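Please look through the structure below.

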Amino acid sequence: QVQLVESGGGLVQPGGSLRLSCAASGSIFSINAMDWYRQAPGKQRELVASITSGGEIKYVDSVKGRFTISRDNDKNTVYLQMNSLKPEDTAVYLCNARLKTKASEFIGNYWGQGTQVTVSS
């Protein structure tokens with residue numbers, strides 16, 4: 001079984017910063033990529049940032065220059081440093097891992113429970 005646990009969310013003022021963490025554990029054979037998504041009430045789930053095991057990084061345009069994704073492959077952990085936060089960044093942030101388990105030859109998607117980020121004055 002694979003578990004993903006996010007942490008680091010909270011309430012911040014506009015212009016503030018937060019760092020989110022997501023740690024994957026369990027019967028993991030390899031992780032191809034880890035992603036951060038967010039979902040706000042009434043909005044579709046949005047891919048915010050992704051990083052592959054080889055270090056390829058992508059961001060949605062709205063967070064470029066403000067957010068930074070990084071990872072520690074040895075610890076199976078991905079981070080999202082969020083600076084210059086705006087009210088429109090308010091959402092539940094969810095971690096996704098694209099990985100192979102020790103019991104499967106196929107790549108699957110595994111999700112954490114999410115962490116709430118609220119940006120408000």
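In what sense do β9 and strand β11 pair, and over how many bridges? In this predicted model, β9 and β11 (residues 115-119) run antiparallel and share three bridges. One point of contact is Val92, whose bridge partner in β11 is Gln116.

Strand β9 spans residues 91-101 and is mostly covered, with eight of its eleven residues buried. It also pairs with β4, again in the antiparallel sense, over ten bridges. Within that pairing, Asp35 has Asn96 of β9 as its bridge partner. A further antiparallel pairing, over four bridges, links β9 with β10. The two strands β9 and β10 are joined by a hairpin through six residues. Here Asn96 stands opposite Trp111 in β10.

Trp111 leads on to the aromatic contacts. A search of the whole structure finds one aromatic pair. Its rings belong to Tyr37 and Trp111; their centres are 4.9 Å apart and their planes meet at 55°, so the pair counts as tilted. Tyr37 lies in strand β4 (residues 28-39) and Trp111 in strand β10 (residues 108-111), so the contact ties together parts that are 74 residues apart in sequence.

The two partners can also be described by their accessibility. Tyr37 has a relative accessibility of 19% and therefore counts as buried, the cut-off being under 20%. Trp111, at 34%, counts as partly exposed. Trp111 has a further neighbour in Arg45, which lies over the face of the ring at 4.5 Å from its centre.

Key: Residues are numbered from 1 along each chain as its sequence is written. This is a predicted model: local features need pLDDT of at least 70, side-chain atom pairs count only at pLDDT 80 or more; totals for chains, interfaces and linings use all residues. Side-chain values use heavy atoms; hydrogens and water are left out. Rings of Phe, Tyr and Trp (its six-membered ring) pair if their centres lie within 6.5 Å; planes under 30 degrees apart count as stacked, over 60 as edge-to-face and the rest as tilted. Buried means under 20% relative accessible area, exposed over 50%, partly exposed in between (1.4 Å probe, protein chains only). A charge sits over a ring if NZ of Lys or CZ of Arg is within 6 Å of the ring centre and within 35 degrees of the ring normal. Two strands pair if DSSP finds at least two bridges between them.
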